[in-house]
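Hello,

I am handing this structure over to you. Please open it first, then read my notes below.

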Amino acid sequence: MSTPAAPDLFRSERIRRRRAVSRSVELLATAAALLAVAVLVIVVASVAKRGAGALNVDFFTKTPDFAALPGQPTGAANAIVGTGVIVGLAILMALPVGILTAIYLNELAPRRLANVLTLALDVLNGIPAIVIGIFVFVLFVNGHGQAAWKASFALAVLMLPLVARATQEVLALVPNSYREASLALGAAKWRTTFSVVLPQTVGGIVTGATLATARIAGETAPLLFTSSLAGNAVSHDPSQPLSSLPLFIFLSAEQADPKLHEQAWAAALVLIGFVLVASLIARAFTARSRQRLTGER
Amino acid sequence: MRIIATKRNSVIGLISVLLAAAATVGAVSVSGAEARSSAGEISGAGATFPAPLIAVWQQRYQAARGVKVNYNAIGSGGGIAAITQKTVDFGASDAPLSPDQFSACNGCVQLPWVLSATSVMYNMPLPNNLHMTGPILADIYLGKITNWNDARIQKINRGITMPDKHITVVYRSDGSGTTYNFTSYLNTVSRQWRSQVGHGTTVNWPTGVGARGSSGVSGVISRTEGAIGYADIAYALKNHLKYFSMQNRAKRFTRPTLVGIRSASLADRKFSPTNELSIVNPPARFRKAYPICTYSYVLLRIQSQKASLLKQFVTWALTTGQQYGPPLVFQPIPAYVVARGKATLRKIHS
Amino acid sequence: MAVASKPATGPAAFQRRGRFRPGDTVLYVLTLAAALSGVVLLVLIARELLMEASPAIHKFGSGFLTTEAWDKLDPHHPAQKIYGARSFIFGTAVTSFGALLLATPIAIAIALFLTELAPRGVRGAVGVLVDMLAAIPSVVLGLWGILVLGPFIVNTLAPALHGTLGWLPIFSTKPSVGSNVFAAILILTIMIVPIISSVCRELFLGVPQELKDGALALGATRWEVARGVTFPYARAGIAAAVILGLGRAVGEAIAVTQVIGNAVAIHWSLFDAGDTLASRIAGQYIGADTRIKVASLVYLALILLVFSLIANLLAQIIVRRVASRHRAA
């Protein structure tokens with residue numbers, strides 16, 4: 001308590017002003033967060049509202065026909081199957097290379113080299129997807145033809161840094177005592193890595209792979225160069241260009257026919273649904289496996 | 001040794017299952033691919049201009065011969081690029097190949113297989129088929145005329161009061177044969193256009209907003225009041241857009257109809273060595289001609305694995321296929337064009 | 001065996017047992033090959049792009065960067081066209097920095113909210129929602145931009161801005177179509193806010209609690225703690241986050257090309273159409289039917305690559321320096 005002669009520190013003009021400033025900044029920060037959430041809700045709601053109407057059985061089973069008569073049912077079956085094939089192949093290409101890379105960088109490499117190679121991976125991560133698309137086009141497609149596996153390759157290049165980094169992080173979380181114990185028991189380095197260290201990181205790897213998949217499932221630019229001249233029929237032949245959901249959306253969005261717009265929204269809904277669900281699962285997995293790993297310590 | 005359920009074993013098991021699944025998918029896909037190619041399939045890409053007719057051809061030809069024709073309407077520029085890069089079996093372009101493009105394509109031929117007109121569409125609460133002349137249109141696209149109530153537009157449309165509305169110019173942002181046709185026409189009616197902008201599948205547009213594909217242009221116009229743009233007449237009809245009556249060299253205002261197209265096609269019957277025909281802005285003696293007509297070409301490689309399938313399809317398109325054109329305002333090509341096409345097709349082999 | 005004095009990892013670990021383990025060699029070779037793939041890819045990308053762009057580099061040289069033209073008639077060679085990157089470099093700069101200007105304060109405010117202000121339960125939920133914003137594919141944002149945001153800009157937002165702030169050059173025209181630079185800036189902002197905000201969130205969480213407690217004990221308000229302790233401490237990291245966001249904005253091709261109007265021009269008004277490096281490539285590469293045009297587009301990609309490499313390297317250097325400083329502390 002202050003004596004009557006001393007200034008009242010809690011009611012003076014300055015403190016009131018400073019508190020007011022702080023409070024208005026807090027309000028602004030809250031408003032900003034609410035704005036972001038509002039934008040998310042608006043976008044997802046737009047997609048859901050406009051897409052749900054066109055999301056019927058036809059959408060998943062019929063194929064597009066840009067010259068369709070008014071009553072004829074069309075859908076995006078080939079795009080859905082195509083996306084599955086392309087993304088599936090991309091995972092198969094990126095996952096082994098990413099895991100092996102992370103093993104090298106975390107377990108085997110000398111410190112200097114590991115830093116340089118990690119930097120290279122981080123730089124690769126920042127290269128725009130459209131540049132990767134041109135690269136794969138020049139390397140594989142020009143003169144030879146488009147193919148779904150070439151699209152997968154481009155997506156795998158985009159995934160590689162993400163998978164490698166996620167695996168690296170989980171590998172670093174495994175306590176060194178495990179490795180030392182295994183080596184002390186006489187196991188070779190490769191045995192140690194695959195039987196002792198890696199099994200503990202499966203959760204983190206799955207999370208990283210899921211997040212990377214969610215990231216590239218919506219990528220359109222590399223597909224433009226490698227798998228855009230696809231037929232209308234449903235196909236899973238990776239040596240031919242296949243249709244895909246992102247390209248379907250891209251091409252349908254700029255058509256004049258409102259019915260195609262509806263289908264674009266429906267495709268967007270499917271894509272967003274997949275991406276959001278995958279991200280949420282990965283996030284839940286991260287929280288749980290981090291709890292388990294750090295809880296074990 | 002018993003296999004116990006350790007984490008290691010489950011990881012190995014998971015990886016094995018994934019690899020097995022991948023192998024199965026791979027095997028199924030490859031076998032599926034072989035089965036598909038024996039049925040007969042050709043893929044093409046290119047101009048959006050003939051796309052409505054090609055869509056009908058795809059259905060009819062598969063019903064008639066069992067061969068599947070895939071077509072991606074990515075624009076004439078895309079068609080030229082695709083056949084050059086060997087990513088398709090045939091290309092389609094309203095813009096004929098230049099000598100440079102022929103040498104880059106390295107063993108390609110072109111032949112006209114479709115004949116139609118480019119309509120100039122607009123979105124205004126005014127009657128359909130307003131009058132328009134070439135010089136005024138050129139000035140609009142040059143950015144010199146910016147409002148619908150400009151005196152020059154009003155003068156050729158007596159009896160209709162032009163409202164005060166900004167003109168939104170729309171053009172094709174992608175490589176387009178329709179652009180080639182449209183700008184070739186503007187070249188003939190405006191010296192300033194010819195020296196400042198020129199013609200091509202893409203040009204340096206002085207003003208306006210770009211859209212991709214004939215559908216894209218139609219879409220922007222239908223959404224924007226006051227907009228003017230160009231696309232094949234089939235798109236104007238399909239999207240219920242109004243289009244101008246253009247003044248031809250005989251000082252008459254003509255519309256993009258079968259009559260107008262047929263009259264224009266008579267203006268050039270002499271093929272260039274590369275089968276090119278130019279029927280833009282025909283001389284005055286073709287009084288019924290619509291001034292912005294064009295042939296559209298199919299681009300083929302002289303040497304192709306699918307040579308026989310391609311020859312059969314193009315021959316069918318040149319002959320039987322033409323009957324499906326008129327409802328979509330594609331004028332059946334004249335007999336001498338069919339003959340020239342068949343002669344060109346004989347060069348193609350596998 | 002003196003295990004404690006020998007390294008547990010690294011190639012030196014192999015020599016420990018003195019016995020030849022073929023499995024270890026296989027592991028070493030396989031993983032090294034995989035790890036080198038990153039470098040190999042980088043080199044290949046640079047090489048292929050340079051080779052493909054060489055006709056344009058040869059013909060236009062560095063003047064390409066200052067020429068404002070695309071498919072422009074060459075007055076000296078009637079059959080040839082001139083290409084130049086200037087309007088796209090300008091467009092990239094305007095859209096990216098515009099988006100940064102809008103996104104950075106919002107993202108930092110969100111990060112502050114999530115680390116300091118929000119109650120524990122709200123923190124998790126809102127954090128997840130903001131991250132979901134990053135997960136929306138760019139083509140979906142572009143679709144929303146064409147069909148929802150565009151009409152909104154034309155019918156509501158632009159007339160309001162033009163009516164009140166029309167004396168500013170950036171709002172000096174009224175758009176009739178929703179495809180313009182302003183739409184692109186808004187879409188890019190939505191894209192980079194979550195990126196900047198998630199990095200800032202980690203940074204703010206890393207500020208030592210003692211520093212914050214000390215400031216609070218001295219009587220600082222929450223805002224003063226943020227301004228005097230959190231921001232200075234995280235200053236370098238915020239810079240890295242902003243640069244990462246910039247890199248993302250610069251490289252975005254699909255969503256931008258859907259909403260920006262694809263015009264080759266440098267306008268003052270944000271409500272006019274324009275184009276960026278990435279967007280022009282996405283829009284024109286498929287239809288590029290002459291060799292010089294393809295080469296010019298790859299030249300654009302090279303400029304884009306150089307810029308994103310610089311931005312990325314800068315951000316990585318800052319991040320590494322900050323990390324080592326924190327480790328030392």
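**Chain A: folds and overall form**

From the N terminus on, chain A runs α-α-α-α-α-α-α-α-α-α-α. That makes eleven helices and zero strands. Please keep in mind that this is a predicted model.

Chain A falls into two domains: domain 1 covers 5-53 and domain 2 covers 59-294. Their C-alpha centres are 37 Å apart. Where the two domains of chain A meet, domain 1 puts in seven residues and domain 2 puts in six residues. On the domain 1 side of that contact, four residues are nonpolar, two are polar and one is charged.

How does the radius of gyration of chain A stand against that of a compact globule of 297 residues? The globule would come out near 19 Å, while chain A has 26 Å. Along the principal axes, the C-alpha atoms of chain A fill a box of roughly 90 × 65 × 35 Å. Buried residues make up 54% of the 297 in chain A. Among contacts in chain A with a separation of 6 or more, 76% join residues 24 or more positions apart.

**Chain A with chain C**

Here 78 residues of chain C are in contact with 76 residues of chain A. Helix α1 of chain C (residues 22-60) provides the largest share of the chain C side, 19 residues. By class, the chain C side has 57 nonpolar, 15 polar and six charged residues.

**Chain A with chain B**

In this interface, 29 residues of chain B are in contact with 23 residues of chain A. Five elements of chain B each supply at least two residues to the side that touches chain A: α1 (7-39), β1 (41-46), α2 (51-65), β2 (68-73) and α9 (213-223). Of these, α1(B) gives the most, with eight residues. The chain B side divides into ten nonpolar, 14 polar and five charged residues.

**A helix pair in chain C**

Two packed helices are described by the angle between their axes and the distance between the axes. In chain C, helix α2 (residues 86-117) packs with helix α5 (residues 181-206) at an angle of about 35°. The axes of these two helices are 6 Å apart. Is the crossing of α2(C) and α5(C) left-handed or right-handed? It is right-handed. The contact of α2(C) with α5(C) has 21 nonpolar, seven polar and one charged residues.

**Chain B and one of its residues**

Chain B has 13 helices and twelve strands. Of its 350 residues, 51% count as buried. Among contacts in chain B with a separation of 6 or more, 73% are between residues 24 or more positions apart.

Now look at B:A47. You will find B:A47 in the loop between β1 and α2 of chain B.

Which residues does B:A47 contact, leaving aside its neighbours within four places in sequence? They are B:G75, B:S76, B:G79, B:A92, B:S93, B:D94, B:G177 and B:S296. B:N72 is another residue to look at from here. B:A47 and B:N72 are 25 residues apart in sequence, yet 8.5 Å apart in space, C-alpha to C-alpha.

Best wishes

Notes
Residues are numbered from 1 along each chain as its sequence is written. Chains are lettered from A and ligands numbered from 1 in the order in which they are written. This is a predicted model: local features need pLDDT of at least 70, side-chain atom pairs count only at pLDDT 80 or more; totals for chains, interfaces and linings use all residues. Domain bounds come from an automatic or database domain assignment. Ala, Val, Leu, Ile, Met, Phe, Trp, Tyr, Cys and Pro count as nonpolar, Asp, Glu, Lys and Arg as charged, and the others, Gly among them, as polar. Helices (H or I, at least four residues) and strands (E, at least two) are DSSP runs, numbered from the N terminus. The radius of gyration is taken over C-alpha atoms; the globule rule is 2.2 Å times the number of residues to the power 0.38. A residue is buried if 20 or more other C-beta atoms lie within 10 Å of its own, exposed if 12 or fewer, and partly exposed in between; C-beta atoms are placed from the backbone. Axes are lines fitted to C-alpha atoms, for helices over the stretch in contact, and angles run from 0 to 180 degrees between N-to-C directions. A crossing is left-handed if the near helix is turned anticlockwise from the far one by less than a right angle, and right-handed if clockwise.
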